[in-house]
Amino acid sequence: AFLQTRTALLLRAYETSEEEDIELLKKEDMNIHERLAVQLRMCEKRILKATQTYAGERKASVKGDKSETAAA
């Protein structure tokens, strides 16, 4: 639960959404440094989202294991 909450907070700290980042990359007037910064930001967001999903799945499996143990 902590990891899910933490990743959600980190994702909210970004000023742009992933869709906005994709639109930024379509611009041709960006220099290489700006383009790389946007790409890095997108990768960070994807990692955080994947971590959030993983943490949720793990939490669900742990809760499932506890309910199976309690039923036995």
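User: Why is D21 called buried in this model?
Analyst: In this predicted model, D21 has a relative accessible area of 0%. Buried means under 20%, so D21 is called buried.

User: Where does D21 lie, and which residues does D21 touch, leaving aside those up to four places away in sequence?
Analyst: D21 belongs to helix 2, which covers residues 18–26. Beyond its sequence neighbours, D21 touches T16, V38, R41, M42 and K45.

User: What makes the approach of the D21 side chain to the side chain of T16 a polar contact?
Analyst: The two side chains are 2.7 Å apart in this contact, and the cut-off for the pair of N or O atoms is within 3.5 Å. The D21–T16 pair is therefore counted as a polar contact.

User: Why are K45 and D21 said to meet in a salt bridge?
Analyst: The N to O distance between their side chains is 2.7 Å. A salt bridge requires a side-chain nitrogen of Lys or Arg within 4 Å of a carboxyl oxygen of Asp or Glu, so the K45–D21 pair qualifies. This pair links distant parts of the chain, with K45 in helix 3 and D21 in helix 2, 24 residues apart.

User: Is K45 buried or exposed, and how do you know that?
Analyst: K45 has a relative accessible area of 3%. The limit for buried is under 20%, so K45 is buried.

User: How are the side chains of R46 and E18 joined?
Analyst: They meet in a salt bridge, at 2.7 Å from N to O. R46 lies in helix 3 (residues 32–71) and E18 in helix 2, 28 residues apart. E18 and R46 also belong, with K49, to a network of salt bridges.

User: Why is K26 called exposed, whereas E23 is called partly exposed?
Analyst: K26 has a relative accessible area of 55%, and exposed means over 50%, so K26 is exposed. E23, at 47%, lies between 20% and 50% and therefore counts as partly exposed. Their side chains meet in a salt bridge of 3.2 Å, N to O.

User: How do you know that the buried residues of helix 1 are on the same side?
Analyst: The buried residues of helix 1 are T7, A8 and L11. They cover an arc of only 105° around the axis, which puts them on the same side of helix 1. The face turned away from that buried side carries the exposed residues F2 and R12.

How values were computed: Residues are numbered from 1 along each chain as its sequence is written. This is a predicted model: local features need pLDDT of at least 70, side-chain atom pairs count only at pLDDT 80 or more; totals for chains, interfaces and linings use all residues. Side-chain values use heavy atoms; hydrogens and water are left out. Helices (H or I, at least four residues) and strands (E, at least two) are DSSP runs, numbered from the N terminus. A polar contact is a pair of N or O atoms within 3.5 Å; within protein, one must be able to donate a hydrogen and the other to accept it, and residues adjacent in sequence count only if both atoms are side-chain atoms. Contact means heavy atoms within 4.5 Å. Buried means under 20% relative accessible area, exposed over 50%, partly exposed in between (1.4 Å probe, protein chains only). The arc is that of the directions from the helix axis to the C-beta atoms.
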